Amino acid sequence: GRAEVERQQALLALDARVTQAAAALSAHRSHEHEQLAALREELASCVGAQRAHADRVTALEAEAELLTRQLGAMQDQRVRLERDKRLAASSQKFADAARISAELKALAAKLDKDEAMQKQLVAEAELARAAQVNDGGREADLQLELQSEQRELDGGLFKLLLEHQAALESVLPEVPEAHALLLRSEMRDNEAARAAMQAKWSWDARGEGVAVTNGPERAEGSAAYANGEDEGDQVEEDDGDDGDMSDEEEE
């Protein structure tokens, strides 16, 4: 009869609502992946660059430290050669003195070269460290931008989840028990997803920021306002009492 036709049309409408809500969720997730992909890729690249800079700093500093120790050993060697040269000269061992002079000359050239290399390594390490710090700042900016984008997207997703939940609840009484079990499983997943976002962003059950009160005084004031009381009325009543007291004193 007509009632059955209307019932079937209502069921079709409920099914269409569930299908539309599920499709909206799927489209949102696809859009989220596309919108955040570039940011996530840049963030991953920034993190990788920081690690590369950190590795380079470590390698350069280790090389500079090794060179510093070698320079110290060469300085000690030069002191010994200069002493040996003086002894050879004082003993008139001119051949030994000439040989030691040649060794000192070669050692001095190597010292100059290695000292320049050590300074270059230290400078390069400082540049790499500065680049690492710069990338660290960029990473922080990207994290904030990603968080902001994610929060906005999660806000849209939360509303879609609410609609999906409502659609499932509307069709639940009209389906066989076997189908109802599947719908209840979807609803539990839905509730878990919303609970995770509520905990993450401090949202209420509607996906909105939780209001922060200003303490008992604010709460009492709000209650008074809700009950229709007004501060002006209280002031006027106080003024009236003061007036009566003044009249009694005059009498």
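Student: How far apart are the closest N and O atoms in the salt bridge of D114 with K110?

Tutor: In this predicted model, local features need pLDDT of at least 70, side-chain atom pairs count only at pLDDT 80 or more, and totals for chains, interfaces and linings use all residues. Residues are numbered from 1 along each chain as its sequence is written, and side-chain values use heavy atoms, with hydrogens and water left out. A salt bridge is a side-chain nitrogen of Lys or Arg within 4 Å of a carboxyl oxygen of Asp or Glu. For D114 and K110, the closest N and O atoms are 3.3 Å apart.

Student: Is D114 buried or exposed?

Tutor: Buried means under 20% relative accessible area, exposed over 50%, and partly exposed in between (1.4 Å probe, protein chains only). K110, with 45%, is partly exposed. D114 has 8% relative accessibility, so this residue counts as buried.

Student: Which helix holds R138, the salt-bridge partner of E42?

Tutor: Helices are DSSP runs (H or I, at least four residues; strands are E, at least two), numbered from the N terminus. The side chains of E42 and R138 meet at 2.6 Å, N to O. E42 lies in helix 1 (residues 2–90), so the pair ties together parts 96 residues apart in sequence, with R138 in helix 2 (residues 94–171).

Student: How many residues apart are R56 and E124?

Tutor: The side chains of R56 and E124 form a salt bridge (3.2 Å, N to O). R56 is in helix 1 and E124 in helix 2, and the pair links distant parts of the chain, 68 residues apart.
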